[in-house]
Amino acid sequence: MYSTKGYKKKMEKQVDILIIGAGISGIGIAAHLSKNSPQRSFEIIERRESFGGTWDLFKYPGIRSDSDMSTFGFNFKPWQKANVLADGPAIKGYVGEVIEEFKLKDKIHFKHRVRTANYDSSIKKWVVEIEDENQKMQTWIANFIVGCTGYYNYDQGYQPDFPNKDAFKGEFVNPQFWPENLDYTGKKVVIIGSGATAITLVPAMSKGGAEHVTMLQRSPTYIASIPSIDFVYEKMRKVLPEDVSYKLTRARNIGMQRGIYAIAQKQPKLLRKFLLKSIEMQLKGKVDMKHFTPAYNPWDQRLCVVPDGDLFKILRSGKASVETDQIEKITETGIQLKSGKHLDADIIVSATGLEIQILGGIKATIDGKPLNTSKHMLYQGVMVSDVPNMAMIIGYINASWTLKVDIAAEYICRLVNYMDKKGFDEVIPQGDATELMEDTVMGSLTSGYIARAADVMPKQGKHAPWKVTNNYLADRKELKNAKFEDGVLKFHKRESQPAKKPKLVS
């Protein structure tokens with residue numbers, strides 16, 4: 001038998017599986033472990049004071065999902081409302097229900113932050129340094145780590161260097177840190193950006209009392225309008241059991257997601273024509289189509305959606321407008337554009353995207369040697385190459401994040417059950433340097449945040465099991481049927497003799 005004797009003086013807790021993050025991914029993994037691997041103990045570390053991750057952090061007006069809730073909900077818990085896109089508080093409430101149903105509350109350690117994690121091969125365990133709510137350091141020992149921190153920095157958003165920014169006399173706001181009591185009633189607002197956050201804020205702030213809202217973009221984005229209520233799902237629920245209605249709706253929407261993405265790959269001109277025609281019909285000649293005609297093909301960047309065309313309605317009404325231009329400088333009273341036009345503003349909202357970060361900024365090492373995730377690949381889109389006993393949840397770029405959480409969680413449960421059955425303590429997906437590509441696991445999207453991810457995100461592989469396809473249907477089949485004796489996964493049992501006294505690496 002091995003032991004953790006060398007850590008006795010500092011060790012606060014031993015745990016089988018340490019889940020980092022209590023957002024959608026972390027709570028999903030925990031629920032699946034509770035159901036499918038009850039023999040494994042687990043704890044959840046959450047640096048914030050509440051659960052929900054993204055849906056607890058972001059508080060800006062109108063915050064909502066940009067994926068339909070039948071696929072954004074977990075496969076084991078139907079989303080029991082007919083609204084297609086849900087707002088932030090509703091999603092957090094849904095996650096709270098999962099926590100209650102699976103009795104996860106006592107498993108979550110709030111205001112705890114992982115600072116370092118070192119895999120000690122002499123004991124085949126992770127030694128994790130955690131800062132608690134009193135800023136005191138604790139040492140936890142974990143057999144397996146699952147990173148559920150998403151891929152952006154919670155401490156700061158991506159902030160371009162706007163010339164002369166300090167000259168602005170009004171309020172400058174980042175959506176990631178929305179001021180609790182920001183009063184924009186009767187104010188002129190300029191929102192910089194054209195992604196999901198910007199197109200949500202424009203109608204929300206317009207309806208919330210702003211005098212005028214301007215969306216300032218460098219280049220247009222593809223935007224699709226979808227119904228806010230799924231009437232078919234609503235009718236099905238009246239005649240069919242809840243879980244059957246949910247599964248049918250979920251299957252339909254997954255098929256639609258895959259179909260649209262497939263058309264984008266095979267016939268981009270056809271999809272482009274359809275999307276632009278749809279926007280043109282909704283704008284009704286009131287807004288110049290140049291603001292909604294991207295230079296790239298659909299799904300070269302993520303497709304944005306709006307419920308019931310709310311963005312286009314607001315633009316048609318004249319309460320909001322859109323400008324496609326570049327910023328020359330910030331002025332005391334607004335933004336000077338390179339075209340010569342000046343946008344007056346009392347409030348500027350910088351919806352310019354996310355700062356990319358992996359594993360929540362944790363300093364990870366293996367036997368004291370730094371782990372650079374950008375030099376590694378993901379095995380089956382779940383485990384980091386050449387890293388023992390670690391999984392990482394990164395959702396889909398072209399479908400609901402939660403779809404990946406469910407199938408990755410089920411795979412992880414099967415894996416740890418297999419290890420327990422065989423008496424293995426360690427699993428390492430052995431990497432192949434000839435498979436490594438320049439693209440990250442995020443795929444070939446050209447979005448700015450994707451480009452900024454190159455230095456931190458794991459890389460794409462040329463072939464399976466290293467190739468991340470972002471194809472849910474294919475992944476679901478592959479992960480469900482994946483064999484563990486594939487020559488890539490290397491399993492090891494604990495040594496029968498006492499291990500050497502391990503070194504504490506901080």
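These notebook entries record what I looked up in a predicted model.

**Conventions**

I worked with a predicted model, in which local features need pLDDT of at least 70 and side-chain atom pairs count only at pLDDT 80 or more, whereas totals for chains, interfaces and linings use all residues. I number residues from 1 along each chain as its sequence is written, and side-chain values use heavy atoms, with hydrogens and water left out.

**Entry 1: the three-stranded sheet**

I began with an open sheet of three strands in the order β14-β15-β16, with antiparallel pairing. Its edge strands are β14 (327–331) and β16 (342–344), each of which pairs on one side only. On average, neighbouring strands here are turned by 20° against each other, direction ignored. For these terms, strands (E, at least two residues) and helices (H or I, at least four) are DSSP runs numbered from the N terminus, and two strands pair if DSSP finds at least two bridges between them. Angles come from axes, which are lines fitted to C-alpha atoms, for helices over the stretch in contact, and run from 0 to 180 degrees between N-to-C directions.

I then took the pairings one by one. β14 and β15 run antiparallel and are joined by four bridges; a hairpin connects them through two residues. Lysine 329 has glutamine 336 in β15 as its bridge partner. Glutamine 336 also stands opposite histidine 342 in β16.

Strand β15 (residues 334–337) pairs with β16 in the antiparallel sense over three bridges. I noted that glycine 334 has aspartate 344 in β16 as its bridge partner. The hairpin of β15 and β16 has four residues between the strands, and in it glycine 340 takes a positive phi near 105°.

**Entry 2: the five-stranded sheet**

Next I looked up an open sheet of five strands, ordered β8-β17-β9-β10-β13, in which the pairing is parallel. Its edge strands are β8 and β13 (320–324), and each pairs on one side only. The twist averages 20° from one strand to the next. β9 pairs with strand β17 (residues 347–350) in the parallel sense over four bridges. Within this pairing, isoleucine 348 in β17 is the bridge partner of valine 190.

From here I followed the loop between β8 (171–173) and β9 (188–192), where phenylalanine 177 is found. Phenylalanine 177 counts as partly exposed because its relative accessibility is 40%; buried means under 20% relative accessible area, exposed over 50%, and partly exposed in between (1.4 Å probe, protein chains only). I also checked phenylalanine 177 against lysine 59: they are 118 residues apart in sequence and 7.6 Å apart in space, C-alpha to C-alpha.

Helix α5 (residues 196–207) has twelve residues and reaches 17 Å from its first C-alpha to its last, close to the 16 Å expected at 1.5 Å a residue. The expected span is 1.5 Å times one less than the number of residues. I found α5 mostly covered, with nine of its twelve residues buried; among them are Ile199, Leu201, Val202 and Met205. Just after α5, glycine 209 takes a positive phi of about 115°.

Helix α10 (residues 401–422) has 22 residues and reaches 32 Å from its first C-alpha to its last, close to the 32 Å expected. α10 is likewise mostly covered, with 16 of its 22 residues buried. Glycine 423 follows α10, and its phi is positive, near 80°.

**Entry 3: a surface patch**

I recorded a nonpolar patch on the surface formed by Val239, Leu240, Val244 and Leu248, with about 330 Å² of accessible area together. Valine 239 lies in helix α6 (residues 231–239) and counts as exposed because its relative accessibility is 69%.

**Entry 4: backbone details in loops**

Which peptide bond is cis, with omega near 5°? I found it from alanine 464 to proline 465. Proline 465 is in the loop between β26 (459–461) and α12 (472–481).

Asparagine 470 is also found in the loop between β26 and α12. Its phi is positive, about 55°, although asparagine 470 is not a glycine. Asparagine 470 is buried, because its relative accessible area is 5%.

Lysine 111 has a positive phi near 55°, in a residue other than glycine. Lysine 111 sits in the loop between β3 (108–110) and β4 (113–120) and is partly exposed, with a relative accessible area of 43%.

Note on methods: Patch = residues over 30% accessible without salt bridge, like charges linked within 9 Å, V, L, I, M, F, W, Y side chains within 5 Å. Areas by Shrake-Rupley, 256 points an atom, 1.4 Å probe, with all protein chains shown as cover. Salt bridge = Lys/Arg side-chain N within 4 Å of Asp/Glu carboxyl O.
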